[in-house]
Amino acid sequence: MSETTKQKVHIRFTLNGEPSEVAFAPHKTLLEVLREDLNLTGTKHGCELGECGTCAVLVDGRAILSCLMLGLDAAERDVKSIEGMADGAQLHPLQETFADTGAAQCGYCSPGFLLVAEELLKKNPSPTRQVIKEALSGNICRCTGYIKIYEAVELAAARMRGEEMELPRESVYGYE
Amino acid sequence: MSNNRKNEEPLRVVGKPFRKVDARAKCMGQTKFADDIVLPRMIYAKILRSHHPHALIKRIDASKALATPGVFAVITGQDLPNSYGILPVSQDEHALCIDKVRFIGDPVAAVVASDEDTAFDAMNLIEVEYENLPSISTIDEALLIEEPRIHEYGDGGNIHKKVSLEFGDVEEGFAEADLVREDTFFYEGNTHLPLEQHAAIAYFDTDNKLTIWSSTQTPHYVHRALAKVLELPASHVRVIATPNGGGFGGKSDPFNHEIIVCKLSMITGRPVKCTLTREEVFYCHRGRHPVLMQVKTGVKKDGSITGMHFKSFLDGGAYGSYGVASTFYTGALQTVTYDVPRYKFQGVRVFTNKPPCGPKRGHGTPQPRYAVEVQLDKIAEQLALDPAQIRRQHLVKPYSVTANYLRIGSMGLGKCIDKVVEGSDWKSKFSGWNKENRKLPFGKGIGIACSSYICGAGLPIYWNSMPQSGVQLRLDRQGGVCVMCGSIDIGQGSDSILAYIVAEVLGIDPFDIRIVTADTDLTPVDLGSYSSRVTLMTGNAAIQAAERARELLVMAVSEKLGVPIENISLAERRVFDVENPDVGVSFAEAVVLAESKFGTIGTVGSYSPPPSPGKFKGAGVGPSPAYSYTAAVAEVDVDPSTGIVVVERIWIAHDIGQSINPMLVMGQVEGSVYMGLGEILMEEMAYRGNRNVVHKFPSMLEYKSPTTMEMCDVKTYLIEDADPNGPFGAKEVGQGPLLPVPPAVANAVYDAVGVRIDEVPIMPEKVLKALREKAKGGDGRYGPDSVPGVEWPPPMRVLTPAEGGDGREMPRVAVHS
């Protein structure tokens with residue numbers, strides 16, 4: 001690595017709703033900038049090749065893979081990572097339902113799934129199961145078989161629409 | 001045991017769908033996984049790996065790497081001469097290869113530098129001169145080619161281990177049978193693919209003590225390996241297992257990168273981190289063994305089994321890992337599902353120049369389960385029996401001992417079969433064996449399979465007579481309860497299980513409890529998160545610790561209130577008189593009373609599995625305190641023009657004994673179905689066919705695993721047949737429900753299009769090939785036709801319990817000569 005490529009660049013951007021600035025080596029991905037230069041380790045990595053969806057964050061409201069985006073390209077943009085999903089100590093409804101339904105088993109893929117689901121529900125407050133599957137198809141989870149994740153998204157969607165909803169009994173205890 | 005405790009209150013926590021104690025942090029991105037840990041002055045290690053499958057290391061020149069600015073140190077095999085390995089019988093690994101490399105990916109040298117990029121660039125400046133050796137890439141080659149040997153130990157040539165056991169006279173069983181079938185199967189290897197890549201951080205601190213944070217399922221075994229390899233007193237080594245971002249068995253061995261970061265920290269005095277790339281995770285592997293199998297089974301006309309002879313041939317890859325245990329596991333549990341009165345097992349594991357295989361979810365048992373369940377389907381067809389019925393009618397008996405001396409406890413498989421048969425509407429979908437009048441249209445099919453699995457291995461990995469699990473409880477006078485246990489949460493919820501169980505016994509809320517786990521300085525030993533042992537073993541240890549604490553609280557409160565001990569109960573954060581519930585004190589006050597009376601309140605609990613009835617050599621693999629049971633029905637859609645199999649739905653019923661938390665049980669069942677689905681439809685560790693033994697797909701894009709678009713619908717039924725050895729009757733769920741999924745899908749494919757795919761995974765090209773062959777009048781089968789000849793050692797013979805055996809090996813002379 002030559003000395004010139006090690007020289008840091010500096011950007012300003014909005015991070016989790018707050019004006020931020022950070023300096024980093026110019027070749028770094030947004031994933032690396034978030035984790036290594038801003039110590040926001042909630043964004044995870046599973047491949048660093050754009051294959052697993054684990055590192056998804058929202059940039060200007062759209063889910064992107066932070067391992068495929070240069071940190072430099074985040075300049076003047078609005079970036080939201082998992083650390084910015086809750087409103088203070090108040091969890092986002094998706095975070096509540098992911099926690100309540102066991103949609104987060106090992107929890108490693110959860111930040112990526114949560115942010116992709118947040119974007120989905122913003123665009124479509126009443127997604128069908130099929131729409132949820134398609135929206136989450138770029139994220140791999142090895143623990144859950146995705147089912148508890150679908151249920152968590154459906155539950156959060158209902159609650160965000162102001163409906164009272166609990167998981168059906170068979171999702172919690174199995175079929176009779 | 002708590003199930004029988006006095007003043008029995010209705011269960012308030014156990015059986016309820018509480019949130020996991022760590023769920024909030026996980027959903028906020030606040031859980032600290034290994035790579036999330038950053039220490040001041042930390043530097044970064046990279047590992048140079050062999051790009052030859054089998055070669056002698058002639059020379060390593062690290063001078064250019066060492067001269068690179070920012071590089072702190074380079075180490076090679078000479079710096080870490082002591083060998084290690086998970087099993088005492090296979091201490092065949094070195095953190096860095098010393099004189100030869102055995103697979104592409106074997107570690108050769110390590111660099112530590114101020115940042116990862118510098119370490120990576122310097123790593124590529126290390127010059128290694130190799131002298132290539134012929135490589136061994138398949139089971140057949142390993143059995144045929146004795147020289148060069150990949151390892152200098154084992155059962156001759158490139159054979160790692162041979163096993164031969166016979167329980168009762170199997171030939172006699174075949175002579176009694178109305179039908180004897182012999183079938184061969186192949187189950188391709190696959191890998192765990194946890195989302196989190198392995199990572200470790202070590203710091204050899206100013207007190208000359210070593211701490212390592214690592215994404216490991218087995219901190220205790222890592223602790224032992226580090227002390228051995230680094231030649232440090234174990235008391236100077238602290239292993240902290242960080243929450244695992246998925247394990248599935250892939251983080252159960254002590255790994256070279258863990259040893260390397262420790263050594264580099266000892267050399268540099270700085271914290272050292274190493275995070276593996278996804279490609280490196282594929283080289284760590286320790287995944288499902290590819291297994292070639294031949295099973296010969298005798299049955300009566302009613303489908304009852306008279307004898308079974310099972311042969312397995314395991315491709316172990318380049319190192320021992322858990323392989324000896326894996327070999328035994330391919331033969332151990334055949335007898336635990338259906339009644340098998342006579343049983344013979346022969347297994348062989350070979351070394352090949354590929355990443356080492358080890359334990360993956362179901363360890364050594366999905367492969368034989370596939371063979372047994374698909375063969376049973378073929379038997380049902382030959383006998384014109386319903387495949388659900390043939391299974392239902394010949395189940396192993398609860399509370400019995402099998403021919404190979406495994407003690408069965410509760411056994412809810414009958415109920416499981418009934419549930420999936422009813423739920424799937426089996427009777428109106430399964431067409432029977434005469435496909436003239438199909439109930440489902442051609443291309444649609446339904447299949448069934450069953451399984452059983454251990455709830456923890458009866459014996460520890462290294463011989464000792466100490467407990468397998470320990471729990472320590474500390475109660476403070478403010479009412480706080482801290483549970484300390486060596487177990488590690490890999491996503492299965494083991495931290496939560498500790499909280500639920502202690503909360504149940506002490507009558508408090510699980511979220512009142514602080515859980516400290518997987519830290520060898522702070523927590524009593526638990527052997528680790530493998531073999532589906534954690535809920536049963538830590539659960540029982542937690543009950544014992546909590547009951548001891550409860551007893552102290554009860555004595556103190558009884559004295560204070562003047563109420564007899566037997567009338568005191570604990571619930572809803574109170575300790576009170578059951579006959580007059582208003583008379584009582586808060587839980588915190590009860591701790592104050594107990595601390596005043598007895599001093600500081602701390603209790604311990606431990607768990608050792610009951611001794612196994614088997615006393616023969618090899619009896620160590622298979623025994624378990626309890627067995628879980630599962631039945632599954634799969635419904636598939638097979639496109640005969642492309643061979644593509646779509647699994648539409650799986651009905652699965654699992655005998656969990658007792659759910660400690662049904663929501664988490666559901667999650668484990670669904671996750672197991674998912675992983676089984678991946679194995680049967682697409683996942684495979686494939687190597688390029690040019691004898692270079694290069695991994696074909698060391699990436700998540702090319703190693704196909706199911707996304708949301710491939711995952712099927714799942715209908716789950718939980719059967720609660722409490723086992724007296726389980727905590728509150730609980731049995732395992734993390735692994736068992738994977739087992740019936742692959743054979744249920746294979747049997748459904750046969751029902752759909754009439755071809756037998758006797759090789760996992762069922763790729764479209766295999767289906768197409770079988771369909772084309774069938775169209776030409778062939779048998780429509782895809783799979784291996786034969787198994788290689790092996791010189792088996794004379795079997796160790798053991799009389800079965802039914803024959804009056806005592807579990808010991810019979811003298812070799814004058815018996816069935």
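**Reading the model, from hairpin to interface**

Guide: The hairpin of strand 17 and strand 18 of chain B has five residues between the strands, and there B:Gly479 takes a positive phi near 100°. This is a predicted model.

Visitor: How many bridges join strand 17 of chain B to strand 18 of chain B, and do they run parallel or antiparallel?

Guide: Strand 17 (residues 469-475) and strand 18 of chain B run antiparallel and are joined by five bridges. Within this pairing, B:Leu473 has B:Val483 of strand 18 as its bridge partner.

Visitor: Which strand is joined to strand 18 of chain B in parallel?

Guide: Strand 18 of chain B runs parallel to strand 19 (residues 513-517) of chain B, again through five bridges. In that pairing B:Cys485 stands opposite B:Thr517 of strand 19. As a general idea, the side chains of a regular strand alternate between the two faces of the sheet. As for burial, strand 18 (residues 481-485) of chain B is mostly covered, with four of its five residues buried.

Visitor: Why is strand 16 of chain B described as largely enclosed by the rest of the structure?

Guide: A residue is called buried if 20 or more other C-beta atoms lie within 10 Å of its own. Ten of the eleven residues of strand 16 (residues 444-454) of chain B are buried, so the strand is largely enclosed by the rest of the structure. Strand 16 of chain B is joined by eleven bridges to strand 24 (residues 627-638) of chain B, and the two run antiparallel. One of the pairs is B:Gly445 with B:Val636 of strand 24.

Visitor: Is B:Gly605 buried or exposed?

Guide: B:Gly605 is buried, because 25 other C-beta atoms lie within 10 Å. This glycine lies in strand 23 (residues 601-607) of chain B. Leaving aside neighbours within four places in sequence, its contacts include B:Val471, B:Ala541, B:Ala542 and B:Arg548.

Visitor: How is the span of a helix read, and how far does helix 15 of chain B reach from its first C-alpha to its last?

Guide: The span is set beside the length expected at 1.5 Å a residue; helix 15 of chain B has 28 residues and reaches 38 Å, close to the expected 40 Å. Of its 28 residues, 20 are buried, and helix 15 of chain B is thus mostly covered. Just after helix 15 of chain B, B:Gly562 takes a positive phi of about 70°.

Visitor: What is the corresponding reading for helix 17 of chain B?

Guide: Helix 17 (residues 662-681) of chain B has 20 residues and reaches 28 Å, close to the 28 Å expected. In helix 17 of chain B, 20 of 20 residues are buried.

Visitor: Which residues have the most contacts inside the largest nonpolar core?

Guide: The largest nonpolar core has 318 residues, and those with the most contacts inside it are B:Ala45, B:Val112, B:Val420, B:Val483, B:Val502 and B:Val749. Helix 15 (residues 534-561) of chain B gives the most to this core, with 14 residues. Not counting residues up to four places away in sequence, B:Val420 touches, among others, B:Ile448, B:Ala631, B:Trp651 and B:Tyr717.

Visitor: Into which domains is chain B divided?

Guide: Chain B is divided into domain 1 (2-31 + 467-607), domain 2 (34-133 + 192-284) and domain 3 (291-458 + 614-782). The centres of domain 1 and domain 2 of chain B, taken over C-alpha atoms, are separated by 38 Å. Their contact takes 15 residues from domain 1 of chain B and 16 residues from domain 2 of chain B.

Visitor: How many domains has chain A, and what separates their centres?

Guide: Chain A is divided into domain 1 (3-84) and domain 2 (93-169). Their centres, taken over C-alpha atoms, are separated by 24 Å. The contact takes 15 residues from domain 1 of chain A and 13 residues from domain 2 of chain A.

Visitor: How many residues of each chain are in contact with the other chain?

Guide: The size of an interface is often given as the accessible area lost when the parts come together. Counted here by residues, 45 of chain A are in contact with 51 of chain B. Helix 3 of chain A supplies the largest share of the side of chain A that touches chain B, namely five residues. By class, that side of chain A has 23 nonpolar, 16 polar and six charged residues.

Methods: Residues numbered from 1 in each chain as written. Chains lettered and ligands numbered in written order. Predicted model: local features only at pLDDT ≥ 70, side-chain atom pairs only at ≥ 80, totals over all residues. Contact = placed C-beta atoms within 7 Å. Nonpolar A, V, L, I, M, F, W, Y, C, P; charged D, E, K, R; others polar. Buried ≥ 20, exposed ≤ 12 C-beta atoms within 10 Å, placed from the backbone. Pairing = 2+ DSSP bridges. Core = buried A, V, L, I, M, F, W, Y, C linked by C-beta atoms within 7 Å. Expected span 1.5 Å × (residues − 1). Domains from an automatic or database assignment.
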